[in-house]
Amino acid sequence: MNRRMSWFNVTSLTLGFAFLYLPMLILIIYSFNSSKLVTVWAGFSTKWYGELLHNQQFLDAAWVTLRVGVMSSTAATVLGTMAAYVMVRGGRFFGRTLFSGMIYAPLVMPEVITGLSLLLLFIAIGLDRGIFTIVLAHTTFSMCYVSVVVSSRLMTFDRSLEEAALDLGCSPFDAFKSVTLPIITPAVISGWLLAFTLSLDDLVIASFASGPSSTTLPIKIFSAVRLGVSPEINALSTIMIGIVATGVITTSLISKNAIRRQRQEELEGTKQ
Amino acid sequence: MAEANPQKVFAPWEDPNQAPLIRFEGVTKKFGTFTAVDNLNLDIYRGEFFALLGPSGCGKTTLMRMLAGFEDPTMGNIWLDDVDVAPIPPNKRPVNMMFQSYALFPHLTVWDNIAFGLKRSDMPQEQIGDRVQAMLRLTRLEQFAKRKPHQISGGQRQRVALARSLAKAPKLLLLDEPLGALDKKLRQETQFELMDIQEKTGTTFVIVTHDQEEAMTVATRVAVMDHGKLVQVATPAGIYETPNSVYVADFIGEVNIIEGAAAPMGDGKVDIAFAEGVEPIHATIGEPVTAGQKVFFAIRPEKIHVGREPDPTRANRIRGKVHDIAYLGNISTYRVELETGQMISAQMTNARRLSRRDFTWEDEVWLSWTDTAGVVLTR
């Protein structure tokens, strides 16, 4: 194979990446701008990051976002893993196709509709909107992502491992706990990180489900921008990009590592 | 059993007073419309090394999975030590299984893999260590106790799987193609190890395999299966020397099958006319045949003598031409074309060095065999 890339490949790569990342790059650069005017560069400074630490409103919103993220992604991981397990291991039961379709439907459902229907539900059952309702809403939509990640791992899982556990005296729950779960842990962690990232990002559903006392960061940023973009928001957004990027990269590293290790084990398995 | 009289051969299936350890009673298993196991009756005795042999899809694995409790029979009963096992879940059965893929837990060390079942039994904590150590010693794995399954070789993994399934001292050990993943040389070594361990522990082994050589080597009795039915259950020698059907004869080892019309000659002898204008085959019958009945004469290649001259001491002598020679070192297989067009395989041991070999391609030879060398089959 030719080791050097052709000029065509180089051009398309550059254009593609520029299209994807140039806006974010500009945002990150301007977060280090010392001028108060967002569009005029006046030298390097980190003062907006410092200001951010004194802005109680932003700090409150960040704290809400973090709590919502941890709670909803944990709940979504538990439910999503359970759903994936039933889907892959449950065999053929009545309504299986419908059930699997319904688990994956929120993936393609417009967020506005999910948000609106949740809002209607909360009003109908008289639930006061606050952190709890955002957690519920985020759990609902991120659970299906977790179940996709975990079920794809379970599909390649050697069923006889579970049978061996049963054969050696485990109850079905014990077999899941001491054999299946430890082996699929990387996928479960990936699922959790994915759910956490999604929860951190979400604006639409959160704005339907949030109450006056529970503003998440994306909502806060969105409403602040309407009054004008400030360098402070650039700084905040840069931090969020950092967190999300870390989450996504960690997720992909975990799954890539797990795949590589699995391959290696299989390779060694065929050697005598 | 054998202690009282060392001369006595281990054959509990011939003793009407022996109660079987496992009894299949009219067991049928259906998957949708497919019948995997079809109204099967079988007794397996304590201390046996029993082989279920057959091509893939013949129902042998299903039979084993029903013993382990992973499948329920559609009809019929399975008795283990006079207890109907139907309502007992796999984790409560005194049966352990060694899986084809070994199914070692990748996140646990060899030691923890072997201890896995013991920790879930009612064995006191302080005895578990001793038991695991004994198992490690039995399978010669002492120095690998701390390793993970992916850090040891295929043969070692196979032994870990064996140690793990034997650790709980089950009444019955099921082995699902236990040596399938090993290369030939290692497989042969391991077969003898398995037999050795089976004898030492006295556990009843049931092995599923599609490798006839493996079944013949390890088993006290072999059950040949086809389409969910047992075709023949007998000792390895019985299966090889007196197969009850063309299917079994053909499945185990090499065989020449010659189709012909029977002409009973009385005194247990039969003549089989297989071609126009050729002397019929003289053979001995196992089951009664009527005159003109279509029969199959089955004879193993090594029972046929190849010579330059007909051998007057053998009842059957027939002329042919060497078509092919397969030299295998210790033996040579000659494919001889008869004047009637049939191909017959005959085997001779190479007692002499190659340079003194008697026949070559296109040589005229005589095939001779006695009237008891082959078997006459009706199906």
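# Briefing: chains A and B

Asn39(B) is partly exposed, with 14 other C-beta atoms within 10 Å. To place that label: a residue is buried if 20 or more other C-beta atoms lie within 10 Å of its own, exposed if 12 or fewer, and partly exposed in between, with C-beta atoms placed from the backbone. You're looking at a predicted model, in which local features need pLDDT of at least 70 and side-chain atom pairs count only at pLDDT 80 or more, while totals for chains, interfaces and linings use all residues. Residues are numbered from 1 along each chain as its sequence is written, and chains are lettered from A and ligands numbered from 1 in the order in which they are written.

- Asn39(B) sits in strand β2 of chain B; helices here (H or I, at least four residues) and strands (E, at least two) are DSSP runs, numbered from the N terminus.
- Arg140(B) also isn't a glycine, and its phi is positive too, near 55°.
- You'll find Arg140(B) in the loop between α3 and α4 of chain B, where it counts as exposed with 12 C-beta neighbours inside 10 Å.

**The β2-β1-β4-β5 sheet of chain B**

- Four strands make an open sheet in chain B, ordered β2-β1-β4-β5 and paired antiparallel. The edge positions go to β2 (34-44) and β5 (83-84), each with a single partner strand, so one side of each has no neighbour in the sheet.
- "Paired" means that DSSP finds at least two bridges between the two strands. As background, strands of a sheet pair through backbone hydrogen bonds, either parallel or antiparallel.
- Strand β4 (residues 75-80) of chain B runs antiparallel to β5(B), and 2 bridges join them. Leu80(B) has Val83(B), in β5(B), as its bridge partner.
- Helix α1 (residues 60-68) of chain B packs on this sheet, touching β1 (22-31), β2 and β4 of chain B, and its direction makes about 115° with that of β1(B).
- For that packing, two residues are in contact if their C-beta atoms, placed from the backbone, lie within 7 Å. Axes are lines fitted to C-alpha atoms, for helices over the stretch in contact, and angles run from 0 to 180 degrees between N-to-C directions.

**The five-stranded sheet of chain B**

- Chain B has another open sheet, with 5 strands ordered β13-β12-β11-β14-β20 and antiparallel pairing. Here β13 (281-284) and β20 (375-377) stand at the edges with a single partner strand each, so each has one side without a neighbour in the sheet. From one strand to the next, the twist averages 45°.
- Over 3 bridges, strand β14 (residues 294-299) of chain B pairs with β20(B) in the antiparallel sense. Phe297(B) stands opposite Val376(B) in β20(B).

**An enclosed helix in chain B**

- Helix α2 (residues 110-119) of chain B has 7 of its 10 residues buried, so the rest of the structure largely encloses it.
- The buried residues of α2(B) are Val110(B), Asn113(B), Ile114(B), Ala115(B), Phe116(B), Gly117(B) and Leu118(B).
- What covers them includes α3 (125-138) and α4 (154-166) of chain B.

**Chain A overall**

- Chain A has 11 helices and 0 strands.
- Its C-alpha trace spans about 70 × 65 × 30 Å along its principal axes.
- Of the 272 residues in chain A, 33% are buried.
- Take the contacts in chain A between residues at least 6 apart in sequence: 78% of them join residues at least 24 apart.

**Helix α1 of chain A**

- The 25 residues of helix α1 (residues 7-31) of chain A should span 36 Å at 1.5 Å a residue, and the end C-alpha atoms agree at 34 Å apart. The expected span is 1.5 Å times one less than the number of residues.
- There's a kink of about 50° at Tyr21(A) in α1(A), shortly before the proline Pro23(A). The bend at a residue is the angle between axes fitted to the seven residues ending there and the seven starting there.
- Of the 25 residues in α1(A), 2 are buried, so this helix lies largely in the open.

**What UniProt says about chain A**

- An unreviewed UniProt entry annotates "transmembrane region" at residues 7-32, 61-86, 98-125, 131-150, 179-200 and 233-254 of chain A. UniProt positions are given in the numbering used here, feature names are shortened, and annotations may be inferred rather than shown by experiment.
- Residues 179-200 of chain A are 100% helix and 0% strand, with end C-alpha atoms 32 Å apart.
- Residues 233-254 of chain A are 100% helix and 0% strand, with the end C-alpha atoms 31 Å apart.
- UniProt (unreviewed entry) also puts the feature "domain: ABC transmembrane type-1" at residues 62-254 of chain A. In the model this span is 82% helix and 0% strand, and its end C-alpha atoms lie 26 Å apart.
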